[in-house]
Amino acid sequence: MTDDGERVVLPATPGLPTLRAPLSEPPAPMAQRRAHGPTPTPTPEPVTDIVVKPATEPATKITTVLASAPSPLPTVMPAALAAAPAAGSIAGTTAGTTAGTTAGTTVGPDCPRNVSCEWLPAVYRRLKGGGYGNHDRSDGPRKIDYIVIHDGETSYDAMTRLVRNPEYLSWHFTIRSSDGHIAQHLRARDIGWHAGNWYVNSRSIGLEHEGYLARGGSWFTEAMYRASARLVRHLAAKYDVPLDRAHILGHDNVPGTTPETVSGMHDDPGPYWDWSHYFELLGSPLRASGGDAARSVLIKPDYGTNSPNFTGCPGGCRGLGASSVWLHTRPSLTAPLVSDIGKHPTGDSTYSVYDHAARASSGQRYALAERRDGWTAIWYLGRKAWFSDPAEAPTSLPASGPLVTPRPGRAPIRVYGRAYPKAHAYPVGVPVQALTPLQYSIPAGQVYSSGPTTRASYLRAAAFDPADHRVVRGETRYRQIQFGHRIMFVRASDVQPAGR
C-alpha cells in the first residue's frame, strides 16, 4: 500500500543532541525514516521529521516516535516539544479512578485503584494544512486484541509533551520510570498511532515506558514494572485480552505490513525488558506444560544469569541480564546466527542490541523441531534455529498449545503482516487494501505455534468525524503464528492443525 502523508521538518535546535525518530508506521518512500537504533557513535542528523496524517485516508497510518535522546534529556526542547503544553499544565484526576465498562466510553483515567494515574489527554484537532492529528477517535466500543509494550527512548517529560502536539502521534498510556506514575492520553475506544502497523493499531492499546532499551534495564525499575503490570492486568480483564505473549506484545513483536517496511520495524522494548518477571507481576507466570511429550517450547532463560554478549550498549553490554537467547544455524556457539531476509535483505544478522533478527524472547512459544546435546531447535523464519538449552541451566520450558503446518499441496505458503479482507469484500467508496504477502514463506513439513484465529477485517478511518469511519469484514480467516521474533498471519485455508 501507499501513503500520501505530509512530512513536516523541524529545524535543529542549537545545543540539543539529535533525537532519533524511528518509524512507527511504515510510510511511503518520500516520508520514510528507517532508524534501527543508535550505534555506539551515532552520526548526528540536522532535522527531526514528523509525519502528519493527510486529509484523505492513507492506506496506512504514518507516525514517528521520538527516540534515543541521551539521558537525561536536556532542558532545551525542539519545536515539536515546545509546541505542546507541559504535563503540569493539564488538569488531572485522582489516582486510580476507574471509568466505564466498555472500551473507553467515558473520559478519565481507566486505571486500577492501586496505581497513581492521571488523565492527560492527547490532542484531536484539524490541522491548518489539511488532515488532522494525533489519533483516530471512535464513536463506539472496539474489540481489543493486543496490548503493545513500548519504551519511548526518551524521557517521561518529553513523551507527555509530544502527545499533546496535534502534529505528532499518540498512544494510550505513558509510565514513568522513577515511581511508576501513569498518564493516560486516549480512551481505550480510540486508536493511537503507535505500533507501526495499522491493523495492529486498530486492535490494540499502546503503553509507552520511559527508558532506553540499550541501557541494560536500568530504566526499567521495579516501580515501573509493578505499575505497568497492574495497569495491563486491569485492561486485560476489562477488555478480555489473554495474558500471554500472543496478545501482550512488545513493539518488536509487531510485524511489518509489506516487504518494504519489514526492515524498518521497531525493536523496543528490547532484550533487557524482563518478560518473565513482568508476567509474574501480571499473575500469569511463565510455566511448563505438556510434559515430556510437549511439541512446543516456551523461551525462558534465567534473567539474572543469562548474559548474551550484545554490542551497542553505552558503556558495554557484557554481564547484563537479558530475556533473549541467540539463534544459530547449527547447534554450536561458533555457528552463524540465523538470517532474516526481511530485517537484513542483503546481509547477515548481527549481535547488536537493536537487532532481533536471530533472537527469541522469554514467553514466546515456538514449535519444537529437534533436540541435540544440550541444544534445542525451533522452527523460525522458514528454517531450524538452534539455541543453547543445557539440562543444568535450561533456557526453555516444555509447552503445549496449538500448532499448524501447511496443508498438503499448498506449500510453500505465504505469510502476511495483517489480516485484511479480499478485494470483493470492500464496498463502493472504500479503497481496496492490497493483500501483499511478506518476503517469507513456510515450506512443507515445518510447524509453527498458532495463536488466535481471526476473521479478516479492515478499519477505514478516513475522516475527522468518526461517524464517517467504515469497517470492512471479509470471509477469509487467518491464523496468527509465531513465525520469527514477530507474530505474523497465515490464511487458515493454507494450514492444518499439527497437534499440541
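# A quick tour of this predicted protein model

A search of the whole structure turns up four cavities of 30 Å³ or more. A cavity here is a set of points, on a 1 Å grid over the protein atoms alone, where a 1.4 Å probe fits but cannot get out. Before we dig in, some ground rules: this is a predicted model, so local features need pLDDT of at least 70, side-chain atom pairs count only at pLDDT 80 or more, and totals for chains, interfaces and linings use all residues. Residues are numbered from 1 along each chain as its sequence is written, and side-chain values use heavy atoms, with hydrogens and water left out.

**The whole chain**

- The protein chain contains five helices and 24 strands; these are DSSP runs (helices are H or I with at least four residues, strands are E with at least two), numbered from the N terminus.
- Of the 500 residues in the protein chain, 61% are buried. Buried means under 20% relative accessible area, exposed means over 50%, and partly exposed is in between (1.4 Å probe, protein chains only).
- Take the contacts in the protein chain between residues at least 6 apart in sequence: 74% of them join residues at least 24 apart. A contact means heavy atoms within 4.5 Å.

**The largest cavity**

- The largest cavity holds about 90 Å³ of space, where a volume is the space filled by probe spheres set on the grid points, and the points are joined across faces, edges and corners.
- Its lining has 13 residues, and Val262, Asp340, Tyr440, Arg486 and Met488 lie nearest the centre. To count as lining, a residue needs an atom within 4 Å of a point.
- That lining splits into six nonpolar, four polar and three charged residues. In this scheme Ala, Val, Leu, Ile, Met, Phe, Trp, Tyr, Cys and Pro are nonpolar, Asp, Glu, Lys and Arg are charged, and the others, Gly among them, are polar.

**Asp110 and its polar partners**

- Look for Asp110 in the loop between helix H1 (79-82) and strand E3 (117-119). Asp110 counts as buried because its relative accessibility is 3%.
- The Asp110 side chain makes a polar contact with the side chain of His234 at 2.9 Å, and another with the side chain of Lys238 at 3.0 Å.
- A polar contact is a pair of N or O atoms within 3.5 Å; within protein, one must be able to donate a hydrogen and the other to accept it, and residues adjacent in sequence count only if both atoms are side-chain atoms.

- Ser457 sits in strand E21 (residues 448-460), while Val472 belongs to strand E22 (residues 470-482).
- Are these two buried or exposed? Ser457 is buried because its relative accessible area is 12%, and Val472 is buried because its value is 2%.
- Leaving aside neighbours within four places in sequence, Ser457 is in contact with several residues, including Tyr199, Tyr420 and Val472.
- Ser457 and Arg203 have their side chains joined by a polar contact of 2.8 Å.
- Ser457 and Tyr420 are 37 residues apart along the chain, yet their C-alpha atoms are separated by 5.2 Å.
- With the neighbours within four places again set aside, the contacts of Val472 include Pro421, Val430, Ala456 and Ser457.

**Asn309 in a loop**

- Asn309 lies in the loop between strand E11 (296-299) and strand E12 (324-326). Asn309 is partly exposed because its relative accessible area is 37%.
- Beyond neighbours within four places in sequence, Asn309 is in contact with Arg318, Trp326 and Tyr351.

- Most residues other than glycine have a negative phi, and most peptide bonds are trans.
- The peptide bond from Gly133 to Asn134 is cis, with omega near 0°, and the one from Ala411 to Pro412 is cis too, with omega near -5°.
- Asp373 is not a glycine, but its phi is positive, about 50°. Asp373 counts as exposed because its relative accessibility is 74%.
- Leu381 is not a glycine either, and has a positive phi of about 55°. Leu381 counts as buried because its relative accessibility is 14%.

Note on methods. On a 1 Å grid over the protein atoms alone, a cavity is a set of points where a 1.4 Å probe fits but cannot get out, and a pocket is an open set with protein on both sides within 12 Å along at least five of seven lines; lining residues have an atom within 4 Å of a point.
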